[in-house]
Amino acid sequence: MTDDKLTKGLPARIILETTIVQEGEVFKHSFDEMGRIVLMNDNYYIRFEENQGEEKNSTLIKLQSDGIVNLTRHGQNKTRMT
């Protein structure tokens with residue numbers, strides 16, 4: 001895959017499983033969604049929509065060249081994690 005194709009964005013299948021532990025309770029979510037991956041300024045961006053029943057969240061994962069990963073979700077609530 002060439003960098004030129006990635007700078008324009010490519011469709012990607014996103015398979016993601018999250019586990020949240022909050023106040024002793026464990027919440028697991030699995031996602032299998034179509035999205036896009038883009039290479040911009042030496043960082044990879046993966047964008048997709050999480051469909052959770054009637055609720056939809058726009059999700060952006062940023063993979064920085066220094067190894068830092070940022071996750072941003074926009075929906076009923078806004079979440080940002082590093």
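Student: In the hairpin of β3 and β4, which residue takes a positive phi?

Tutor: Keep in mind that this is a predicted model. The residue is G53, whose phi is near 70°, in a hairpin that has two residues between the strands.

Student: What joins strand β2 to strand β3, and how do they run?

Tutor: Strand β2 (residues 25-40) and strand β3 (residues 43-52) run antiparallel, with six bridges between them, and M40 stands opposite N43 in β3. These strands form a hairpin with two residues between them, and N41 in the turn has a positive phi of about 55°.

Student: How should I read a positive phi in a residue that is not a glycine?

Tutor: Most residues other than glycine have a negative phi. N41, which is not a glycine, has a positive value, and N41 counts as exposed because its relative accessibility is 69%, above the 50% cut-off. E23, also a residue other than glycine, has a positive phi near 50°; E23 lies in the loop between β1 (10-22) and β2, and at 78% relative accessibility E23 counts as exposed.

Student: Which residues form a nonpolar patch on the surface?

Tutor: The patch is formed by Y44, L63 and V69, which together have about 210 Å² of accessible area. Of these, L63 is placed in strand β4 (residues 55-63), and L63 is described as partly exposed because its relative accessible area is 30%, which falls between the cut-offs of 20% and 50%.

Methods
Residues numbered from 1 in each chain as written. Predicted model: local features only at pLDDT ≥ 70, side-chain atom pairs only at ≥ 80, totals over all residues. Heavy atoms only, no water. Patch = residues over 30% accessible without salt bridge, like charges linked within 9 Å, V, L, I, M, F, W, Y side chains within 5 Å. Areas by Shrake-Rupley, 256 points an atom, 1.4 Å probe, with all protein chains shown as cover. Salt bridge = Lys/Arg side-chain N within 4 Å of Asp/Glu carboxyl O. Helix = DSSP H or I, 4+ residues; strand = E, 2+ residues; numbered from the N terminus. Buried < 20%, exposed > 50% of the residue type's maximum accessible area, 1.4 Å probe, protein only. Pairing = 2+ DSSP bridges.
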